[in-house]
Amino acid sequence: MDGYSARLPARWRVALAVGSVVVTAPALTFGSGIPYASVLAVGSILVQAVALWWLPDRPSAATAVVLLVSAGLQVLYPTFGPGIAFVVLCTYAWLRPTPESLWIVAPAVAAICGPALARERWGFAAAWFGAVLLAWSWGALARARGARRVAEQRQAVLEERARIARELHDVLAHTVSVMVVQAAAADDVFEANPQQAREALRRTEQAGREALAELRIFLRSVRSDEDGDSPQPTLDDVDRLAATLGESGLRVDVRREGGGEPPRAVQLTAYRIVQEALTNTLRHSGAAAADVLLRIDESEVYVRVRDDGTAGGGTDGAGHGLLGMRERAGLLGGTVAAGPRPEGGFEVAARLPIRERS
């Protein structure tokens with residue numbers, strides 16, 4: 001099964017039924033040496049019209065009936081062609097998956113070409129044989145194109161869901177981590193130093209407000225489908241991020257080398273990688289300090305985050321945070337490497353190529 005559901009509009013029922021009568025009725029004007037040929041032909045034409053009415057609901061049975069009627073009319077009227085059989089064969093190949101519709105080719109060849117072969121009309125038989133293959137191929141090709149469009153649409157939906165999940169994870173994981181640390185600090189000094197506890201609570205409130213503001217911006221971009229016009233974090237916001245984490249007890253030094261203004265997508269990815277790496281450091285590593293290096297040149301943005309923790313960043317490289325980093329970098333053609341440092345601590349390094357936009 002290809003997962004594609006082809007459906008005929010309701011108006012096609014009438015068009016197919018009426019069209020079959022219009023196309024097939026002229027056979028009654030042909031001469032026939034078989035008794036009661038006209039009566040048999042009229043009955044066959046009516047049965048064919050009823051079958052075509054049910055084609056959207058019973059495609060296999062309706063197609064088989066049309067092929068039998070086509071063969072019968074050619075027997076009754078040797079000079080009459082297959083009529084609407086080719087249209088129905090093409091439609092059936094479009095309605096049903098290819099492995100399921102392929103079986104109809106052999107019966108179609110027998111029903112359409114058989115009467116001509118029986119009368120040794122080799123030219124007509126060859127022409128009908130080619131027409132059968134062409135009709136089925138057109139229907140199967142139309143279905144394949146439809147299935148490909150559906151697959152592309154589904155892939156786009158999955159990619160958008162993944163993007164939304166990454167954004168929400170980056171915003172919420174960082175902010176909640178900061179808020180938890182600040183709340184724990186306030187609880188530790190609540191009785192001994194109420195003023196310090198109040199400052200920690202204010203920082204918790206500030207982190208929450210910043211997260212709400214960023215979420216509003218993100219949700220607005222999702223609703224309006226104008227992500228490119230909504231303000232997103234850039235490399236200039238890394239210093240603010242470091243200051244926020246400094247207030248939570250993690251000293252962060254930021255160093256920037258090189259100049260230039262990378263594309264916004266590259267800047268956003270670099271910021272999110274730094275944010276996730278520092279959030280992991282704050283939550284898992286027990287580090288007291290971290291340093292961030294941002295190196296910009298004409299070909300790439302290099303991001304490196306190191307800490308002096310002892311818990312290995314709280315991950316072995318298979319966590320959702322690192323997976324999200326690698327997915328973000330991969331969308332730009334970049335790479336992310338992460339792991340413990342020989343001298344202690346944890347390091348995350350990313351290379352994000354700068355591509356000129358056409």
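## Nonpolar surface patch

Helix α1 gives the most to a nonpolar patch, with four residues, where helices (H or I, at least four residues) and strands (E, at least two) are DSSP runs numbered from the N terminus. This is a predicted model, in which local features need pLDDT of at least 70 and side-chain atom pairs count only at pLDDT 80 or more, while totals for chains, interfaces and linings use all residues. Residues are numbered from 1 along each chain as its sequence is written, and side-chain values use heavy atoms, with hydrogens and water left out.

The patch is formed on the surface by V14, V18, V22, V23, V50, W53 and W54, which together have about 650 Å² of accessible area, as given by the Shrake-Rupley method with a 1.4 Å probe, only the protein chains shown counting as cover for residues. Patches are made of residues with over 30% relative accessible area and no salt bridge, nonpolar side chains (Val, Leu, Ile, Met, Phe, Trp, Tyr) being joined within 5 Å and like charges within 9 Å. At least two residues of the patch come from each of α1 (11-24) and α2 (37-53). V23, found in helix α1, counts as partly exposed because its relative accessibility is 42%; buried means under 20% relative accessible area, exposed over 50%, and partly exposed in between (1.4 Å probe, protein chains only).

## Salt bridges

The structure holds nine salt bridges, each defined as a side-chain nitrogen of Lys or Arg within 4 Å of a carboxyl oxygen of Asp or Glu. One of them joins R351 to E300, at 2.6 Å from N to O. This pair links distant parts of the chain, since R351 lies in strand β5 (residues 346-353) and E300 in strand β3 (residues 300-307), 51 residues apart. R351 counts as partly exposed at 39% relative accessibility, whereas E300, at 18%, counts as buried.

In another salt bridge, between E343 and R341, the closest N and O atoms are 2.7 Å apart. Here E343 is exposed, with 57% relative accessibility, and R341 is buried, with a relative accessible area of 18%. D237 and R240 also form a salt bridge, their closest N and O atoms being 3.9 Å apart; D237 is partly exposed at 22%, and R240 is partly exposed at 38%.

## Helix α9 and its end

Helix α9 (residues 238-247) has V238, L241, A242, T244 and L245 among its buried residues. These residues lie on the same side of α9 because they cover an arc of only 160 degrees around the axis, the arc being that of the directions from the helix axis to the C-beta atoms. An α-helix has 3.6 residues a turn, so residues three or four places apart point the same way. Just after α9, G249 takes a positive phi of about 105 degrees.

## Helix α6 and the cysteines

A110 is found in helix α6 (residues 105-118) and counts as exposed, at 52% relative accessibility. The C-alpha atoms of A110 and A71 are separated by 8.5 Å, although these residues are 39 residues apart along the chain.

The structure holds zero disulfides, a disulfide being a pair of cysteine sulfur atoms within 2.5 Å. C90 counts as partly exposed, at 22% relative accessibility, while C113 is buried, with a relative accessible area of 3%.
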